[in-house]
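Subject: Structure handover

Hello,

Here is the structure for your files.

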Amino acid sequence: MSNQKNQIGKRNRRIRYKSCAFLTVKLIILGMFAATTLVPFFWVLMSSFKTNSEIYGQPFSLPHHYQIDAFLQAWQGGGLSRSLSNSLFYCAASVVLVLLLSSTTSYRFAKIRPNKALYAFFSFGLLIPLHAVLIPLNVIYSRLGMGNTRSALIIAYAVSNLSMSIFILTAFMRNLPDELLQAAEIDGCSGLQAFVRVAFPLSKPALATAGMLAFVNCWNDLLLGMTICSKENLRTISLAVYNLRASFSDDYNVLTAGITIMIVPAVVIYTLFQEQVIQGMTAGALKG
Amino acid sequence: MISPRSGKSARKRHERALALAFTLPSLVLFVMFMIVPIFGALYLSFTKWSGAGAIKYIGISNYTNLLHNRDFWISFRNSVILIVLHLGFQLTSALFFSYLLYRTKPGMRFFRSVFFLPSVISATAIGVMFSLLFNADLGPINFVLHELGLHDWALPWLSNKTTALLVVSFIIIWQFIGYHVVIILAGMKAIPEEIIESAIIDGSNTVVLFFRIVYPLIKDMLQVSLIFMVTGCLKAFDHSYVMTMGGPGVSSSFLAVFMYKQAYSRQKLGLGSAAGLVILLLAFLCTRVINWMFYHKDEESVT
Amino acid sequence: MIRKENRKKLYSGGLALGMMMTAAFGMSAAAEEIPTIRFAHQDTASSEGMQVIVDALDGYIASVADRYIVEQEVVAGDDLKTKIATDMASENLPDIMWYWGAASDAGNMIDADLLITVDEFFEASEKLSRESFKAPLWDQTTVNGKNYCLPVDNLESNWVVNKTILNELGIEMPKTYNELIAVSDQINEAGYIPLAMGCKGGNPGHWWVDQIYWQYEGAREELLDISESWNVDTENFRKALQVVSDLKEANCLPQDTIANGDWGPYWALFTEGKALFSWSWAGGIAGIGDGFEWELCDMLKVDETNADTSNLSEPYCGAGLMINKKSFEDEAKRAAIVDFVEWYCGPEFQAITFINDGVVPTLVDCDYDVSLVDPVVQEVVSRNSTREGVLTHMAAIPNASVWADYQSGLDEFIAGTMTIDEYVDYVQNSLESNRE
């Protein structure tokens, strides 16, 4: 009897050792890949504190002296302070706009009147390469008298993220239990109220996902900002950082400082909404 | 949704009105600022225009030009290579890492966040970063290779026809692995625990578990992933343009880079628009193919 | 909590709507009172010197704000072309542009009659006339015998040699390309690069290639004839390309001419002390620093020619201010445009750009405090001011598409992925298919 117990004990221990070994190996592999994803960030951040010679000579070491000149030059000279707030405004406004539009439209597809053709029509936007429509889009804005305005850029951002948002939200909303909505109706809510009081709040994860992806797309966009809205005080941060490339020498430290400043808000937003994003993708986009 | 109060037809009317109200704003903006420009591009593709002066109608000349255009076909080939590399490396890596994360309890959240991080950075920034890292004469990568004595490996990465394309492609692949990991991992996490547990009890090891159980159940997410991957490849622009300007020449140009250069550098808006529409068509075809591949698994198709 | 959501929705919707209306209203309101002119350019405060220039510009704009408003639209580098192309296509061209004035870049704007000639401007201006500007500077932006661009971007360039490397290796400074090839192995073994040069999007490669080409007898005439002959395939051109090939084969160029292409990276090779020779504009040379011993030198001579490189320089004056015709003909805007352009091209601002960025004044009479000018810049300018200036294909090729192909093919040729025949054929094909 005790022999059997011994055997089982031994086997259990072996399994535990084996799984410990496996775990270590797994963590090492994951850790290595994680390192490769983090190294570029480290490089960008450290380079911002270095001189140009250091960037070329000792690319991966820590800076000799932590100089913030590059940051100051980028912030003040490059007008990053202004363009940072510009971009925050554009991105926030377009995210609000796109979420308003896509949540209502997705709800319609998911719960009110599904329409395959119309849904397919909206999904078409996922296929459109930006540069092909750049000039016709600007011509339209020009004809409407909206050239070089904030609203033109905000609408462009919203529309370019509309298809993706509708895609994510529709999938998520399809999985919302009908019973909840029916219960709301029975309680006397109109269709609109059922949406606002029940469906919308429940869709928070998907809204976070779509919102974050839209935000990041707007934040990183270069060409739309360059062509629609290059007026100095209306510049996006992407354009401002791009403009840091000088004519004679690439002051890499100023450029990386600018990139660092540009990355921070995107990373912050991402970190804040991470959990919801994961939930949104988990619960929602499941059934396609 | 039957209510004891109103009649069925009133209900139906109410429904339709609501559906309209909910869809109309999106539809109007979408059509005005997305669809109309596409038709604008379509119109331009049949013309010859430098952006200034008269627009000259030339029929399908732009399209026949593309058929014989060396640069176009090289860019096309490069886009195809990009897609193949994505399928071979990004998809497999994403599946691998997703599965690894799925079967690893501690630190899963941390790794998932870290992997996703590069997707959040602008492609331009990534391009600038890596063109310095890969600079054959000044950059750290060759520096390290020389230090390690691997002189033959210290190639002129961005000046060599083949390596330029490969380097640009792998940087795009690397940047978005985390993005697809998040999508696929989400699909894996949706698999009910019981199925996994019973499979383990039945004695399946990790590998069998993946192929027999997990893979079939995440096909939906794979479809989503594939569509984003392939359409993303067809629209790929920033990395190539920033790192090599699509060069040397067109060796690392993708279709979108070709389109941009025709429209803006060569001032051939008609030809550029035609190329743009070709990209659109290809993206559409690829999506259909992907959907067809997954057809028998889907009741509601994605597009 | 639900009521709050509703309110939030209404609020943000209303806000968005309000913003749109304000923007639309704001735009129209401004136009009624004093004129607004849109000025597109590429000057950003990317360094301390540029900061001074940008401040001066902003300062002037602020000082005239009671008479007219200047809206600046800034895109650095060649992408300014993208922005202008888009503006042009949407019939939204800025009122004044800092832009490249040769046919290769502004050709389509000129053909479409979107710009005024400089003579029309001079008629309206009291402070400036054609004679105010140095005569040879009009050459690089003459299109069909006329000028549409007021030259302000005059740069002088020079070769530089790293004397520390010469001393370290104990060699004499090479004066010709063959002499450079002779010591190339020695230089490479010591871990240095003989000539820091790159080519991405044609820059700076095409400048260097034309220095070689120009030295051949008859090249000058061929170059100036291109707009008529639509031909680049000449014996001289092929010989020049052969020189480049020979240098490449002898490992005189960096391994990676693409990553080291464009204005920053190749120059960094020199400023970091890694190369024996290089070439740059005065402003760049002024920024070398004292990491090593260096001096200005003449461009290397092509052995098989009879050129005298001590009399050659390669200046650039291919960009300046161009004025939108419609805006100029608008009575309300004309005074503003004239005033602003007069200031921008005037001695005060040109002195500032010279002192802070090495952009040589294009006016005949331009007083500046010599003590404020960087001594290196001053030396480069005085050294080159009496020399014969090399012209480049940029000023000669009459069509933007061909010019883009020329540059793109040159990237490949210098990177070693195209042979001489292939490159020449590529450019010729482009000339033929784009011939007007």
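Let me start with a sheet in chain C. Bear in mind that this is a predicted model. The sheet is open and has four strands, running β8-β11-β7-β12 across chain C, with mixed pairing. Two of these strands, β8 (193-195) and β12 (294-297) of chain C, sit at the edges. Each has a single partner strand, so one side of each is left without a neighbour in the sheet. From one strand to the next, the twist averages 35 degrees.

Which strand does β8(C) pair with in the parallel sense? That is strand β11 (residues 275-281) of chain C, and the pairing runs over two bridges. Within this pair, Ile193(C) stands opposite Ala275(C) in β11(C).

Next, the domains of chain C. Domain 1 covers 34-154 + 317-367, and domain 2 covers 158-314 + 389-434. Their C-alpha centres are 30 Å apart. The contact between them takes 12 residues from domain 1 of chain C and 14 residues from domain 2 of chain C. On the domain 1 side, helix α4 (residues 103-111) of chain C gives the largest share, five residues. That side of domain 1 of chain C is made up of three nonpolar, six polar and three charged residues.

Now the contacts between chains. Chain B touches chain A, with 69 residues from chain B and 68 residues from chain A. On the chain B side, the elements that each supply at least two residues are α1 (8-44), α3 (70-102), α4 (108-120), α5 (123-133), α7, α10 (219-235), α12 and α13 (269-293) of chain B. Which of them gives the most? It is α1(B), with 17 residues. The chain B side facing chain A divides into 45 nonpolar, 18 polar and six charged residues.

Chain B also touches chain C. Here 28 residues of chain B are in contact with 33 residues of chain C. On the chain B side, the elements giving two or more residues are α7 (161-189) and α12 (255-265) of chain B. The residues on that side are 12 nonpolar, 12 polar and four charged.

Over to you.

Best wishes

How values were computed. Residues are numbered from 1 along each chain as its sequence is written. Chains are lettered from A and ligands numbered from 1 in the order in which they are written. This is a predicted model: local features need pLDDT of at least 70, side-chain atom pairs count only at pLDDT 80 or more; totals for chains, interfaces and linings use all residues. Domain bounds come from an automatic or database domain assignment. Two residues are in contact if their C-beta atoms, placed from the backbone, lie within 7 Å. Ala, Val, Leu, Ile, Met, Phe, Trp, Tyr, Cys and Pro count as nonpolar, Asp, Glu, Lys and Arg as charged, and the others, Gly among them, as polar. Two strands pair if DSSP finds at least two bridges between them. Axes are lines fitted to C-alpha atoms, for helices over the stretch in contact, and angles run from 0 to 180 degrees between N-to-C directions.
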